[in-house]
Amino acid sequence: MTSCLILADFIGGKNTKITAELATAAARIGEVTAVVLAPTGQGATYAASLNQGAISKVIVVESDSFAAHGIGAVADVLTQIIATKNPAAILIASHAFGKEVAGRVAVKSNCGIITDAVDVAADLTATQLVFGGSTTVHSQVCHGTAIITVRPNSITADLKAASPAVESLSFEISECAKKATITSSKPPLQGGRPELTEADIVVSGGRGTNGDFAAVEAFADSLGAAVGASRAATDAGWYPHSHQVGQTGKTVSPQLYVACGISGAIQHRAGMQTSKAIVVINKDPEAPIFEIADFGVVGDLFAVLPKATEGVKARKS
Amino acid sequence: MKIAVCIKQVPDSWAEKKMVNGLLDRVNVDVVLNDLDEYAIEESLAIAEAHGGNDEGGANTITVISMGPERATEAVRKALSMGANNAILVSDSALVGADALSTSQVLATVIFKGEFDLVLCGTESTDARMSVVPAMIAERLGCAQLTFASAVKVDPVAKKVSITRVSETGVDEMFGQFPAIVSVVEKINEPRYPSFKGIMAAKKKSIEVMDLNAVGIAIENAWSVVIDASPRPPRAAGIKVSDDGGGADQLVTFLAEKKLI
Ligand SMILES: Cc1cc2nc3c(=O)[nH]c(=O)nc-3n(C[C@H](O)[C@H](O)[C@H](O)COP(=O)(O)OP(=O)(O)OC[C@H]3O[C@@H](n4cnc5c(N)ncnc54)[C@H](O)[C@@H]3O)c2cc1C
Ligand SMILES: Nc1ncnc2c1ncn2[C@@H]1O[C@H](COP(=O)(O)O)[C@@H](O)[C@H]1O
């Protein structure tokens, strides 16, 4: 039977939402084996978190090389597993780490690579939205195992309970991967709100907040949303860089994106244009962000947001 | 130090981009130096300046490497006018539509021959948006991959490079020995504008244009194919209201109607 690998996505030791999304897409292709890479001694705990979705098997690899050598070590393991299992495809989360791992695996295994897919079909056709979401592209890998990175939050995850068989594996780290050494790592700060790329709703603030994110945060909290920021806001130090949305920040595609005091520069749009619904609050009626808004309020965010926050709370209670 | 900077010429971010026969139309579009690569050029200049400069015959040289159509000399020239010393442009009709695997193969071959200590890249080309080429080059050359750097420290005597990596997965401190591939994020510096003197000097700097034969490799494989590409319908113009005190209520009603709350 055709098999499909996924790389289970752990950030700061936590299995992220995309793992189940990858499994859902992988199950269309074949029997799903999830690869779990864990620090020594934590394989069982990590593997136990893969209890949802169409995962038939889990391969656990325990090693401290992943923390010490990062991307190179992860690429080594995946290449070794591909060589023995010969899967039709391997699906990996499309963030910086996932894409770089995929790139190295593609070189090592001489296989084709497609990044940032928003969908993957049973016949391995990947769908991408390119040029700021203006063009849909379908493509296929035509050499070797298809290495595909998938954008978080684009596939609706099948969350039925699963109890996959767990197998453990050892691996050899290459000399090449040892050339880069990580001396310390800090996981991203979440601050109690949902993670940006996983959130169903994202409320972002830009230069128009003038440094005061309280109204943006309060509105986000009324909706159970993640908070994002434009580069103008992160550059000014008003919000952490890890919350930047856009070309050089994160790509989000939530059900709802609310842009407050953001003009809609092309680099910002690149990270949010594929959101299902876009709502804008901006006092300049000419701001380009209105061109892509499903609903726009021309107004002062400091006047609109507090009232909208009350309105949402009233409806929810 | 021998420093290389990989730069790409890309369609202007604001330009309308079209696919023709499954490939991005790079002819009928305004092109610019990939703005994320400007940070790599700036960082190479800053590194050189911190360690004896890159004047003719000095301690460091900065070589710009680019793969693209002949027209990409414009982008290369801009990098030279910022202060890089010389340039190599790989241009060959066989490379039209080249994917990241071929691109990295070409760049890695040129880098290997040039025996560089340090190779700087941007984190992403704004057209392809893959962010894989630097990692692929590191894999091909078997050298240290130090990517997504928000800070770079170089010790030429110990031949050591240390960086702070920032990405979705957190913040890492990491290091490696020469030769190393470093990609830099846009928070790292503020790229300089070419000065008049720089622009004049760049006119005299050499750009070596090579075809694949001169590089010494052949590109035969296509690892992936585009089946089709179609424009998506533009987002339909939505509702726009002026806030005269009732904007918030209208907004909340919209969210409720769309079942978003
Ligand atoms: C290489 C490169 C990479 C980049 N990457 C990114 C990226 O990843 N993400 C990103 O966001 N940007 C990125 N940018 C920057 C981008 O070009 C813009 O500069 C940035 O997005 C502008 O942020 P802004 O919309 O918050 O600010 P501005 O463009 O200054 O817009 C502020 C808006 O707020 C409105 N406003 C002001 N006061 C109020 C108020 N009280 N109430 C309501 N509205 C108000 C104004 O009308 C205006 O439209 C990048 C740029 C470059 C060159
Ligand atoms: N054709 C090219 N010529 C030179 N450098 C390139 C080319 N393509 C990519 N790069 C480098 O690799 C980085 C990442 O590109 P990409 O993987 O295409 O997103 C860019 O910022 C450049 O530094």
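Mentor: A:Asn86 lies in the loop between helix H4 (71-85) and strand S6 (89-93) of chain A. Helices (H or I, at least four residues) and strands (E, at least two) are DSSP runs, numbered from the N terminus. The model is predicted, and local features need pLDDT of at least 70, while side-chain atom pairs count only at pLDDT 80 or more and totals for chains, interfaces and linings use all residues. Residues are numbered from 1 along each chain as its sequence is written, chains are lettered from A and ligands numbered from 1 in the order in which they are written, and side-chain values use heavy atoms, with hydrogens and water left out.

Most residues other than glycine have a negative phi, and most peptide bonds are trans. A:Asn86 has a relative accessible area of 60% and is exposed; exposed means over 50%, buried under 20% and partly exposed in between (1.4 Å probe, protein chains only). A:Asn210 also has a positive phi without being a glycine, here of about 55°. A:Asn210 is found in the loop between strand S14 (201-205) and helix H6 (214-223) of chain A, and its relative accessibility of 64% counts as exposed.

A:Arg151 belongs to the loop between strand S11 (146-150) and strand S12 (165-169) of chain A. Its side chain makes a polar contact of 3.0 Å with the side chain of A:Asp116 and another, of 2.9 Å, with that of A:Thr274. A polar contact is a pair of N or O atoms within 3.5 Å; within protein, one must be able to donate a hydrogen and the other to accept it, and residues adjacent in sequence count only if both atoms are side-chain atoms. Leaving aside neighbours within four places in sequence, the residues in contact with A:Arg151 (heavy atoms within 4.5 Å) include A:Ile18, A:Ser94, A:Leu129 and A:Thr251.

B:Phe178 and B:Pro179 are joined by a cis peptide bond with omega of about -10°. B:Pro179 sits in the loop between strand S11 (170-177) and S12 of chain B.

Two strands pair if DSSP finds at least two bridges between them; strand S9 (residues 144-155) and strand S12 (residues 180-184) of chain B run parallel and are joined by four. B:Gln145 has B:Ile181 as its bridge partner in S12(B).

How is helix H1 (residues 35-50) of chain B built? It has 16 residues and reaches 23 Å from its first C-alpha to its last, close to the 22 Å expected at 1.5 Å a residue, that is, 1.5 Å times one less than the number of residues. Since 12 of the 16 residues are buried, H1(B) is largely enclosed by the rest of the structure. The buried residues include B:Asp37, B:Tyr39 and B:Leu45. Just after H1(B), B:Gly52 takes a positive phi of about 100°.

B:Asp37 is also among the closest of the 19 residues that surround ligand 2, together with B:Cys6, B:Ile7, B:Ser125 and B:Ser131; a residue is counted when one of its heavy atoms lies within 4 Å. A backbone N or O atom of B:Ile7 lies 3.3 Å from a nitrogen atom of ligand 2. Oxygen atoms of the ligand are involved elsewhere: one is 3.3 Å from a polar backbone atom of B:Met130, and a backbone N or O atom of B:Val133 lies 2.9 Å from an oxygen atom of ligand 2.
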